[in-house]
Amino acid sequence: MVKKEKAVYDTLNMLNFDVTKKCLVGEGWCPIFAKSQIEDVLQRATLHSNSQVGIIFHEMDTIDSPPTYFRTDKFTNAFQEIVDAYGVGRYEEINPAVYSVITFPFLFAVMFGDWGHGICLLLGALFLILREKKLSSQKLDSFTEMAFGGRYVILLMALFSIYCGLIYNEFFSVPFHIFGKSAYACRENSCSDAYTAGLVKVRDPYPFGVDPSWRGSRSELPFLNSLKMKMSILMGVSQMNLGILLSYFDAKFHKNALDIRYQFIPQLIFLNSLFGYLSLLILIKWCTGSKADLYHVMIYMFLDPAGDLGENQLFWGQKELQILLLLLALVAVPWMLFPKPFILKKLHKERFQGHSYRFLGTSEMDPDSEPDSARSRHDDFNFGEVFVHQMIHSIEFVLGAVSNTASYLRLWALSLAHSELSTVFYEKLLLFAWGYDSLIFKLVGLIVFAFATAFILLGMESLSAFLHALRLHWVEFMNKFYHGDGYKFKPFSFATLADDEE
C-alpha cells in the first residue's frame, strides 16, 4: 500500500501545476492504439471524482524521439528480451526479434545437434510450460526463474536440436538406421574388414541426413568436418545477406535513398563478390563431386587472379568471373566511403544557402533559450565528423565481412566438440562399464554416464551453444542493420511495483 501511495505521488510530482486554471498539466507518451482507452479512463475518472475541471487530452508536436514499444506475449517476450539486452531499438526501426524467433534456436541446434539430448531439453521445456500457472505465482530461485522465463526459447531450441540431430544421425552419439538401410556395405560377406579395408557403395544414398555407416569409419572425421565447416559458411553468408537486405527495407521505410545507393548496394556487392562466390563454389563442389581445393581457389583469386586454375576449375568461365568479382569488390570500397559524406555536404549547403540571418525570438520558442530546438540544428553539420564516421563504418564492414564469416565457423567447432564429447562419454563410460559382468559396475557406469550427460552436455554445452548463438546474432547479424540506441517505453503500472527493488 505504501509503495502504491509513493508511486502515485511520485507520478503527480512529474506534472506541472497551472496556477491560473488550477489544474495539473502533464506531457507523456502513449501508444497510438491506446489513445481511445486513455480518453475513456480519463472521462470515467472525471465522473468518479466529481471534478469541477474537465479533462483535456490532445496530441502535441515534439522534436524528441519517441520511446520504443513492442507488444509481446508470453511466447515472443523472451526473444524480445534477448534483443533488448543488446540495445533497445530506436523508434520505427526494424525489430530483429521477429527473425530471431527462428534463426536463434536454429543456430543453437546446429551446435547442439543430437536428437537424444534434444528430447531431454524438450521434456524440460514441456515441464516448465505445463506447470506455467503454478510456477508463475511462486517465488523462484534465480536459475529456475531464468529457465522459466525462456521456456518457449528452450522449447524451440529442443525441437530444432531434434531436427539437426536427425540430420547428423546422432542419438547420444549413436547412429540409427531410422530412414532405411545404409548405402554402404562390406567388400566381402564377412564384416571383419569394415573399418580396415573400407566399405563400398551398394545402393542409393541414405534418404535423410548422414549415413550411419560413416560413424566409426576411418573417413568419419574428415567427412563430417568438411560437411559442417562448409555448412557453417553457407549459413553465415545467408544470415549476413539477410541483415543487409533488412538495412534496405529500413532505409526504404525512412525514405533514405542515400543509404540504399551508397551503403546497401556496395555492401551487398562486396559481401557476395567474395563470400557469396565461396558459397557458390561450395554448392557446385557438392553437386559435382569435384576434388577442387577451395582454399587454393580463394587465396589465388587475390594473389594471381589471371593464373591458370588447373584441377581447381569447377565450371567454364571461372577465371573471368573471379576477375570481375574482384574488380567489383575493389570498386565497392570507395563506393561505400566517399560519395555519401560529399553529397550530405552539398545538400546541407543548398538547404541553408544564404541563411546568415538570425531567427527572431518569440514567446513560444527561442533558439537561444532552447539549444535543442529544431531551428538551431542547421548549424550542427560537421563534414569532418561525418566523413570520419563513414570511414569507420566502411572499414568496419570490409574487415567485418572477413571476420564475421570466419566467426560462423564456431557452428562447426561447437558441433564437433559436442559430438566428440558425447562419443567419449558413451564409449569410455557406458560401454566400458557394460563390458564387466558385475551388475554394480554396470549400474555405477550408467549413473556416471547419466550425470555426465545431464551436467556437462545438457548443462554446460547447452549454455555454451546458447552464448555462441547469442554472439552470432548480436555481432554478426544485427550490426548490419540495427542501431539499438533507443529507449524503452515504460508506462506507469502498479503491477510492476512488486518486482522493483527499493
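1. Let me start with a charged pair: Glu 132 and Lys 74 form a salt bridge, their closest N and O atoms being 2.8 Å apart. A salt bridge here is a side-chain nitrogen of Lys or Arg within 4 Å of a carboxyl oxygen of Asp or Glu. Glu 132 belongs to helix 6 (residues 132–136), while Lys 74 sits in the loop between helix 2 (35–49) and helix 3 (77–86), so the pair ties together parts that are 58 residues apart in sequence. Helices (H or I, at least four residues) and strands (E, at least two) are DSSP runs, numbered from the N terminus. Glu 132 is buried, with a relative accessible area of 13%. Buried means under 20% relative accessible area, exposed over 50%, and partly exposed in between (1.4 Å probe, protein chains only).

2. Before going further, a word on the ground rules. This is a predicted model, in which local features need pLDDT of at least 70 and side-chain atom pairs count only at pLDDT 80 or more, whereas totals for chains, interfaces and linings use all residues. Residues are numbered from 1 along each chain as its sequence is written, and side-chain values use heavy atoms, with hydrogens and water left out.

3. How confident is the predictor? The protein chain averages a pLDDT of 87, and 91% of the residues score at least 70; pLDDT is the predictor's confidence in each residue, from 0 to 100. Over residues 362–378, however, the pLDDT is below 50, and this stretch has 21 contacts in the model beyond near neighbours in sequence. A contact means heavy atoms within 4.5 Å. Where pLDDT is low, the predicted coordinates should not be read in detail.

4. Back to the charges: the count comes to ten salt bridges. One of them joins Lys 340 and Asp 259, with the closest N and O atoms 2.6 Å apart. This pair links distant parts of the chain, with Lys 340 in helix 13 (residues 339–351) and Asp 259 in helix 10, 81 residues apart. Lys 340 is buried, at a relative accessible area of 13%. Salt bridges that share partners also join Lys 74, Glu 132 and Arg 151 into one network.

5. Another bridge to look at is the one where the side chains of Lys 488 and Glu 81 meet (3.8 Å, N to O). Lys 488 is in the segment after helix 16 (439–477) and Glu 81 in helix 3, so this pair links distant parts of the chain, 407 residues apart. Lys 488 is partly exposed, with a relative accessible area of 34%, and Glu 81 counts as partly exposed at 39%.

6. Which two residues with a positive phi would I check? Ser 173 has a positive phi of about 75 degrees although it is not a glycine. Ser 173 lies in the loop between helix 8 (151–168) and strand 3 (184–186), and counts as buried at 4% relative accessibility. Leaving out residues up to four places away in sequence, Ser 173 touches Asp 114, Arg 215, Ser 419, Ser 422, Thr 423 and Tyr 426. Lys 255 also has a positive phi, of about 55 degrees, and is not a glycine. Lys 255 is found in the loop between helix 9 (220–253) and helix 10 (257–288) and counts as exposed, at 75% relative accessibility.

7. Helix 1 (residues 2–12) gives the most to the patch, with three residues. Phe 17 lies in strand 1 (residues 16–18) and is exposed, with a relative accessible area of 55%.
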